[in-house]
Amino acid sequence: MEIANQIFFLIFALLSFTFFLSFLWKFKFSKADSTNINLLISIGLFGLCCLSFGLAPWTDRFLLTIANTSYVAANVALVILYKNWNQEKLSRQAITALWCIPLAIACVYEPLRTTADSFSQRVALITISQEILLFWQTILLFKYYKNGRDRVIQLIFALTLLNLVASVSRTYRTLTTEGQLNIFLYSEDAISFGIRWLAFTCVLLVYIVLGIYYLQQQLNCLM
């Protein structure tokens, strides 16, 4: 299971960085507004998350802190992006406060990482943080969809909601499972493995659909 995890993480990292370069090229030569930087940040952080998870067993376990912090930060960037879509401009102080969330989580996660028998607490810390941000995203996406009725936004909403359900399921599964299957990320049982990769796949699909959405916007501008 450990080798499968690492292979999947590295493949997802490669795909994420490929999307990042694709979006970077697209936004560089388009008239897209500056808010798109949040999408680039989110994809880059998700790629860093997957790369860190993939390399952690071979290098330094501190990469687990980087991976989990990047995972949360990637969702913070999407919250800011969707707020901008809804014309809900955040103040500089609010944006700073949002970016302090992953930093605060890192400060809590790192001591837990070096504490024995703390796997459940670490997972709960990250997944519950994710759930709050994902729930916020679903609200913002629903509001944006109501204003535009765009089918692509509906798909992003559905994927984000599915990710939220997977995250809640993983929190429940981790906190209620005991024994050897609940001691480390790379030794989780098949059900937890499947739930986690469902969530990661949803994130990757959201980026793909966001790419389609921006391409659609650019084509509309040319018509």
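A crossing of two helices is called left-handed if the near helix is turned anticlockwise from the far one by less than a right angle, and right-handed if clockwise. With that in hand, look at H2 and H3: H2 passes H3 in a left-handed crossing. This is a predicted model, so local features need pLDDT of at least 70 and side-chain atom pairs count only at pLDDT 80 or more, while totals for chains, interfaces and linings use all residues. Residues are numbered from 1 along each chain as its sequence is written, and side-chain values use heavy atoms, with hydrogens and water left out.

Let's stay with that helix pair. Helix H2 covers residues 37–55 and helix H3 covers residues 63–85; their axes come within 8 Å and cross at roughly 160°. Here an axis is a line fitted to C-alpha atoms, for helices over the stretch in contact, and angles run from 0 to 180 degrees between N-to-C directions. H2 is therefore roughly antiparallel to H3, going by these classes: under 35 degrees is roughly parallel, over 145 roughly antiparallel, 65 to 115 roughly perpendicular and the rest oblique. Sorted by class, the contact of H2 with H3 has 19 nonpolar, 6 polar and no charged residues. For this sorting, Ala, Val, Leu, Ile, Met, Phe, Trp, Tyr, Cys and Pro are nonpolar, Asp, Glu, Lys and Arg are charged, and the others, Gly among them, are polar.

Now zoom out. The chain has 7 helices and 0 strands, where helices (H or I, at least four residues) and strands (E, at least two) are DSSP runs numbered from the N terminus. Of the 223 residues in the chain, 50% are buried; buried means under 20% relative accessible area, exposed over 50%, and partly exposed in between (1.4 Å probe, protein chains only). Among contacts (heavy atoms within 4.5 Å) between residues at least 6 apart in sequence, 76% join residues at least 24 apart.

Next, H5 and H6. The axes of H5 and helix H6 (residues 151–176) come within 9 Å and cross at roughly 160°, so these two helices are roughly antiparallel to each other. Their crossing is left-handed, and the contact of H5 with H6 has 17 nonpolar, 11 polar and 3 charged residues. Thr138 sits in helix H5 (residues 119–148). With 7% relative accessibility, Thr138 counts as buried. Leaving out residues up to four places away in sequence, Thr138 touches Phe157, Thr160 and Leu161.

Finally, the rings. Rings of Phe, Tyr and Trp (its six-membered ring) pair if their centres lie within 6.5 Å; planes under 30 degrees apart are stacked, over 60 edge-to-face and the rest tilted. By this rule there are 20 aromatic pairs. One of them joins Phe9 and Trp197 in a tilted arrangement, 4.7 Å centre to centre with 50° between the planes. That pair links distant parts of the chain, with Phe9 in helix H1 (residues 2–28) and Trp197 in helix H7 (residues 190–222), 188 residues apart. Phe9 is buried at a relative accessible area of 0%, and Trp197 counts as buried at 8% relative accessibility. Trp197 also forms an edge-to-face pair with Phe12, at 5.0 Å centre to centre and 70° between the planes. Phe12 lies in helix H1 and Trp197 in helix H7, so this pair ties together parts 185 residues apart in sequence. Phe12 counts as buried too, at 10% relative accessibility. Ring pairs link Phe9, Phe12 and Trp197 into a cluster that also includes Phe8, Phe46, Phe53, Tyr71, Phe193, Phe200 and Tyr207.
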